[in-house]
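Morning, everyone. Let's have the fold up on the screen, and then I'll walk through it.

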Amino acid sequence: TTLYLHLLWKRVPIPEEELEAAAAAAAAADTASKPTKLALGTEGGFAVEPQRDYTLDKTAALVVLQGAGQPRLHVPLPCADLPELVINVITAIQAHEDASKQEAVSAWEEQRHVSRYAENLPQLESGRKISPNPADWRCDETGVTENL
């Protein structure tokens, strides 16, 4: 006799009305709390969880294979009639996270250290303000606006 744990995850689409309401709430929250530092999953940083358009419906069953030519037996979980050892093994398997989730970044924040060379570096005032828009950049000597 062989036992298998059958985990079935089905994607259930979220209704359009709920998606639109969630998108509007996320847009309102996004304008109120823009990221202020280079960080993931922390206060003032970028959000880690992307918005999904579905929910996961998770079901589990214990499959008993008795041998060649014998019918399979599906036991829906949770089932109180199973031995305690089997229930403990099933619980441990369901609670275990796979390696990709363990390696995923849940929270990260950049640690910036001041270089000993940059600590006392004087900043000279050039008298000009450079535009952040590259379309406004122009060479002082030739007036060229390309390949700067």
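Contact here means heavy atoms within 4.5 Å. This is a predicted model: local features need pLDDT of at least 70, side-chain atom pairs count only at pLDDT 80 or more, and totals for chains, interfaces and linings use all residues. Residues are numbered from 1 along each chain as its sequence is written, and side-chain values use heavy atoms, with hydrogens and water left out.

Take Val75. Beyond its neighbours within four places in sequence, Val75 contacts Ala61 and Leu62. Leu62 sits opposite Val75 in E4.

Now the strands. Helices (H or I, at least four residues) and strands (E, at least two) are DSSP runs, numbered from the N terminus. Two strands pair if DSSP finds at least two bridges between them. Strand E3, residues 54-65, runs antiparallel to E4, with four bridges joining them. The open sheet has three strands, in the order E1-E3-E4, paired antiparallel. E1 (2-13) and E4 (73-76) are the edge strands, each pairing on one side only.

Which residues form the largest nonpolar core? There are seven: Ala60, Leu62, Val75, Leu77, Leu82, Val86 and Ile90. Buried means under 20% relative accessible area, exposed over 50%, partly exposed in between (1.4 Å probe, protein chains only).

Key
A nonpolar core is a set of buried Ala, Val, Leu, Ile, Met, Phe, Trp, Tyr and Cys residues joined through side-chain atoms within 4.5 Å.
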